[in-house]
Structures are given as structure tokens and as C-alpha cells.
Amino acid sequence: MTSIQTLSVPKQIDDGKHVFPQIIVNDGSLTSADQCHAWIKQNLTEIEQHLEQSGAVLFRGFPIDSAETFDEFSDSFDYPNFTYKESLSNAVRINFTERVFTANEAPKDVEIYLHHEMAQTPISPSKLFFFCKTAADEGGATPLCRSDMLFSALQQQMPELAQEFISKGLKYTTHMPAENNANSGQGRSWKSTLSVDSIEQAEQKLADLGYSWDWQKDGSLKATTPVLPAVIQMGENRQVFYNQLIAAYMGWDGVRENPSKAITFGDDSDIPIEGLELINSLSHEFTFDLEWQDGDVALVDNYLTMHGRRAYSGERKRQVLVALAID
Ligand SMILES: [Fe+2]
């Protein structure tokens, strides 16, 4: 197979020019990791064009069946690796290879709400590769949402609020436990999150990153980011709602009841609840649920597209692995 072959499925989102996500299929002629590698090299420009226009590309029917073959596939794009270890992600994960790790170890009945990976931290990956090793019996889709479309809709409906997000930015306050807690979607300990061994090192790292912090009696750490953008500009005419608001509001402990304990504007003022509710409900319009098949790989532009995880059930242990890149 030399050229790119695309597939249409129901519920793809069509902006008039491009579909989201773009789906590229193997016609059966690529049967080995080496052939995939050569094919990616040959078609990289076109694949990247699809990614830029669409925000996410799904590769279906390619011969990928293990962490190792996924590692090779994602490595063929030659994007610099963004390791879990050096990230400030708050999810508990397990590494399989240097670049490949589990997506999120949260229990299967827990929904992970839409977010841009690590947008609540000063350092985030630009591209995400997901690999479905084993799909769930039921549920377990990865919702993908175009945040530029979401932001235009917000500008239409609440223009003043949209403007406040642009001008004020956001601050996030997160709670890092003393020990890893795999039962939470954000249960990574402060030692692991910050890659440090002591309180002194933790404080040095937080100070370097511009955080403020407060140690809790139980040994956990409450940390507040410096002002981070709520909206980023991509190219000339795309404004993207690049942040962690939906996941924080919908999914973090106690935040729906009291949002300002975790999310505020950059000047510490409160974000109105009706605005957060509207953002969450608008996001459904621009979301495609990626129903995984074993062997699927998705390449997601993390700056343009949010992702999450639907709850799932059944006997099969759903396994979706991730590799992150920054370029
Ligand atoms: Fe994520």
C-alpha cells in the first residue's frame, strides 16, 4: 500500500471542509512493522496535513498488537518523546517501554472527562498516540472533542465570558496525595508527580515552575499553578479552548460543588457556574466517541483536540496504551 486510504463512519463531525476524526485504513497490504515504518515515512507529509486539518487521525487495520509494535509505529513519526516520568500528569500509570505506558489506571466505572493532556501544568505534550490493545466488551470509548469549535460556540453564546478567559487565563489548584492512589483518576503522589524524593526538592521544583503550595496535615500537598492560558491561538484563525476546565469541573473531587477550590481565573476571581455548565454541555456537540477496535492507533493533536474515557464494563480487561510526544 503506497497511498492513503480513508474511511467514513457514522457520526464523524464535518466542518464543511474536513471530517473529524480522519480515519485511515490499511487495505491489508501492510503486514509487518517494517512495512508500516516505511509507509509512515513515505506518507508523513500527508498524514500530518490530515492531523492539522482534522485534529485527530485514526489508523485502523494496521499490524500492531503489542506495546513493542506500538512503540515502533509511534516512533516512526520521529517526534521527540515526552516521558511520563518528566511530566506533571496527576494520573497513575504503568510504563511498558520507555515511551509507552497505560492511559489511566482509574477503575472502569469512573468516567474520565474531556481534557487536553496536562493543560493544567506548564509543560504539556503536543501530540498523543493511543493504541487499543484490547477493547472493552461494553463502553470504554475515547471521546474526542474539537476545542476550537467549542470556543467559537462559547463566543457566540457568552461573548463576555469568552473574552474573560482570553484576558485573564486560569489557575488550577491540585491535591497530590502522600502515596499513589490507583483508585483515583488523579491519584499520583507528589513525589512521583514532581520526580523528587524530599520536601525540599519538591519546594524547589514548585518554585522553579512558579507554583504556590501548602503542605497538608496528612502529608499531602496542595499546589496552585502560575497563571496559565485558557485559550491559545493556533495559526491565524483558530482560537482553541486549551485548558482542563471540563475535567476539573466534572471530575475532580468536590469541584462541582465548589469550583473555586480548584479552578479560578488568573486573577483569583471565580468562574461563574453557569459558564462551566454551558461549556460542558456545548462540548457534546463537537465530540466524536471513538469506539475502539483491537489494534487501532489514534494520533491526536493535543493542542486542538480534547480526549477522555467513557466508563466500561464486561469481562475483557480494556487496555489502551499511550505514547506522548512534543515537537
Ligand atoms: Fe488524558
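Begin by selecting Leu144, whose bridge partner in β18 is His307; the model on screen is a predicted one.

Now colour the whole sheet, an open one of four strands in the order β6-β18-β9-β16, with antiparallel pairing. At its edges stand β6 (112-115) and β16 (287-290), each of which has a single partner strand, so one side of each is left without a neighbour in the sheet. If you look along the sheet, neighbouring strands are turned by 15 degrees against each other on average, direction ignored.

Then colour by domain: the assignment gives domain 1 as 13-108 + 121-138 + 290-325 and domain 2 as 147-283. Their centres, taken over C-alpha atoms, are 24 Å apart, and the contact between them draws 17 residues from domain 1 and 22 residues from domain 2. On the domain 1 side, the residues touching domain 2 comprise nine nonpolar, five polar and three charged ones.

Finally, zoom out to the whole protein, which has eight helices and 20 strands. Its radius of gyration is 20 Å, close to the 20 Å that the globule rule gives for 327 residues, so the protein is as compact as a globular protein of that length. The C-alpha trace spans about 60 × 45 × 40 Å along its principal axes, and buried residues make up 43% of the 327 residues.

Key
Residues are numbered from 1 along each chain as its sequence is written. This is a predicted model: local features need pLDDT of at least 70, side-chain atom pairs count only at pLDDT 80 or more; totals for chains, interfaces and linings use all residues. Domain bounds come from an automatic or database domain assignment. Two residues are in contact if their C-beta atoms, placed from the backbone, lie within 7 Å. Ala, Val, Leu, Ile, Met, Phe, Trp, Tyr, Cys and Pro count as nonpolar, Asp, Glu, Lys and Arg as charged, and the others, Gly among them, as polar. Helices (H or I, at least four residues) and strands (E, at least two) are DSSP runs, numbered from the N terminus. The radius of gyration is taken over C-alpha atoms; the globule rule is 2.2 Å times the number of residues to the power 0.38. A residue is buried if 20 or more other C-beta atoms lie within 10 Å of its own, exposed if 12 or fewer, and partly exposed in between; C-beta atoms are placed from the backbone. Two strands pair if DSSP finds at least two bridges between them. Axes are lines fitted to C-alpha atoms, for helices over the stretch in contact, and angles run from 0 to 180 degrees between N-to-C directions.
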